[in-house]
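Welcome, and please load the model in your viewer with a cartoon and side chains to hand. We will go from stop to stop, selecting a few residues at a time.

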Amino acid sequence: MSVDWNALGEVFAVSVGVTVGVVAVFALGILGLARVEAAREVDGGTHALGLTQAGLCFLACAAVVAYGIYLIVPQFH
């Protein structure tokens, strides 16, 4: 049985890259929520930019996870 090490390395590199990317986007979403909380503490208002940032980041993360599930589960094809 022959193992194609190049293909295995490519899969590993892509999976690590996507994981780092999703974690970075999720961290930006957490940063957006922190901005909202900081604005509430300072003036009692909301920080629309932070809320929008958090919502878009979490939506992007959910889309990536849903796409991964779509690729894994054969009933969805």
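How many aromatic pairs does the structure hold? There are two aromatic pairs; rings of Phe, Tyr and Trp (its six-membered ring) pair if their centres lie within 6.5 Å, with planes under 30 degrees apart counted as stacked, over 60 as edge-to-face and the rest as tilted.

**Before you click**

This is a predicted model, in which local features need pLDDT of at least 70 and side-chain atom pairs count only at pLDDT 80 or more, while totals for chains, interfaces and linings use all residues. Residues are numbered from 1 along each chain as its sequence is written, and side-chain values use heavy atoms, with hydrogens and water left out.

**Stop 1: the phenylalanine pair**

Select phenylalanine 26 and phenylalanine 58. Their rings form a tilted pair, 5.2 Å centre to centre with 50 degrees between the planes. The pair links distant parts of the chain: phenylalanine 26 sits in helix H1 (residues 5-43) and phenylalanine 58 in helix H2 (residues 48-72), 32 residues apart. Helices here are DSSP runs (H or I, at least four residues), as strands are (E, at least two), and they are numbered from the N terminus.

Phenylalanine 26 counts as partly exposed because its relative accessibility is 42%, and phenylalanine 58 does so at 27%. The classes are buried for under 20% relative accessible area, exposed for over 50%, and partly exposed in between (1.4 Å probe, protein chains only).

**Stop 2: the tyrosine pair**

Move to tyrosine 67 and tyrosine 70. Why is this pair stacked? The ring centres are 6.3 Å apart and the planes stand at 25 degrees, so tyrosine 67 and tyrosine 70 count as stacked. Both belong to helix H2, three residues apart, so about one helical turn separates them. Tyrosine 70 is partly exposed, at a relative accessible area of 37%.

**Stop 3**

Accessible areas come from the Shrake-Rupley method with a 1.4 Å probe, and for residues only the protein chains shown count as cover.

Now centre on phenylalanine 76, in the segment after H2. Its relative accessibility is 49%, so phenylalanine 76 counts as partly exposed. Leaving aside neighbours within four places in sequence, phenylalanine 76 is in contact (heavy atoms within 4.5 Å) with Ile69 and Tyr70.

**Stop 4: a buried glutamine**

Select glutamine 53 in helix H2. Is glutamine 53 buried or exposed? Glutamine 53 is buried, because its relative accessible area is 17%. Apart from neighbours within four places in sequence, glutamine 53 has contacts with Leu28, Leu31, Gly32 and Arg35.

**Stop 5: the salt bridge**

Next, pick glutamate 37 and arginine 40. Their side chains meet in a salt bridge, 3.1 Å from N to O, and a search of the whole structure finds one such bridge. The criterion is a side-chain nitrogen of Lys or Arg within 4 Å of a carboxyl oxygen of Asp or Glu. Glutamate 37 and arginine 40 both lie in helix H1, three residues apart, about one turn of the helix. Glutamate 37 is partly exposed at 42% relative accessible area, and arginine 40 is partly exposed at 44%.

**Last stop: zoom out**

Clear the selection and view the chain whole. Its secondary structure comes to two helices and zero strands. The C-alpha atoms fill a box of roughly 65 × 25 × 10 Å along the principal axes. Buried residues make up 12% of the 77 residues. The chain exposes about 5,900 Å², of which carbon and sulfur atoms supply 74%.
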